[in-house]
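I opened the structure today to look at helix packing and the nonpolar core. My entries follow.

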Amino acid sequence: MTEDFVSPDRWPLDRGDTLSNHDWFPFYGHRFLGSAFVIEATMAGRHDVVGAALILWTEAMRQDPAGTLPDNDVQLASMARFPSVDAWLAVRADVMR
């Protein structure tokens, strides 16, 4: 085993590794728009799910470590800009897909 091997069950960033000083990330629009996630959500009339996912992807950049989100519905509802936890819970499974 080489030293640069990363176990598949380990997140590649450590605590303290954030991207909070970056206010941009590469966005591949054609890949996003052609993704099964966007196609299925929009065909089901669930544009709210796409918007909430995009907000959470952006929020994940600021987390520690970068690319993660808390496992807490109150925090996720707040981060995704939902008016209540109940409103968040109604779409959570689809957004977190």
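At what angle do H2 and H3 pack, and how far apart are their axes? I noted first that this is a predicted model. The angle is about 145°, and the axes of H2 and H3 lie 7 Å apart.

I then listed who makes the contact. From H2 come Phe37, Val38, Ala41 and Thr42. From H3 come His47, Val49, Val50, Ala53 and Trp57. I sorted the residues of this contact by type: 7 are nonpolar, 2 are polar and none is charged.

Next I looked up Val50. Leaving out residues up to four places away in sequence, Val50 touches Phe32, Phe37, Val38, Ala41 and Thr42.

I turned to the largest nonpolar core. It holds 17 residues, and those touching the most other members are Phe37, Val50, Leu56, Phe82, Trp88, Val91 and Val95. At least two core residues come from each of helix H2 (36–43), helix H3 (47–61), helix H4 (73–79) and H5. H3 gives the most, with 5 residues.

Last, I checked Val91, which sits in helix H5 (residues 85–95). Is Val91 buried or exposed? I put it down as buried, because its relative accessibility is 5% and the cut-off is under 20%. Setting aside neighbours within four places in sequence, I found Val91 in contact with Arg46, Asp48, Val49 and Phe82.

Technical notes:
Residues numbered from 1 in each chain as written. Predicted model: local features only at pLDDT ≥ 70, side-chain atom pairs only at ≥ 80, totals over all residues. Heavy atoms only, no water. Helix = DSSP H or I, 4+ residues; strand = E, 2+ residues; numbered from the N terminus. Buried < 20%, exposed > 50% of the residue type's maximum accessible area, 1.4 Å probe, protein only. Contact = heavy atoms within 4.5 Å. Core = buried A, V, L, I, M, F, W, Y, C linked by side-chain atoms within 4.5 Å. Axes fitted to C-alpha atoms, helices over the stretch in contact; angles between N-to-C directions. Nonpolar A, V, L, I, M, F, W, Y, C, P; charged D, E, K, R; others polar.
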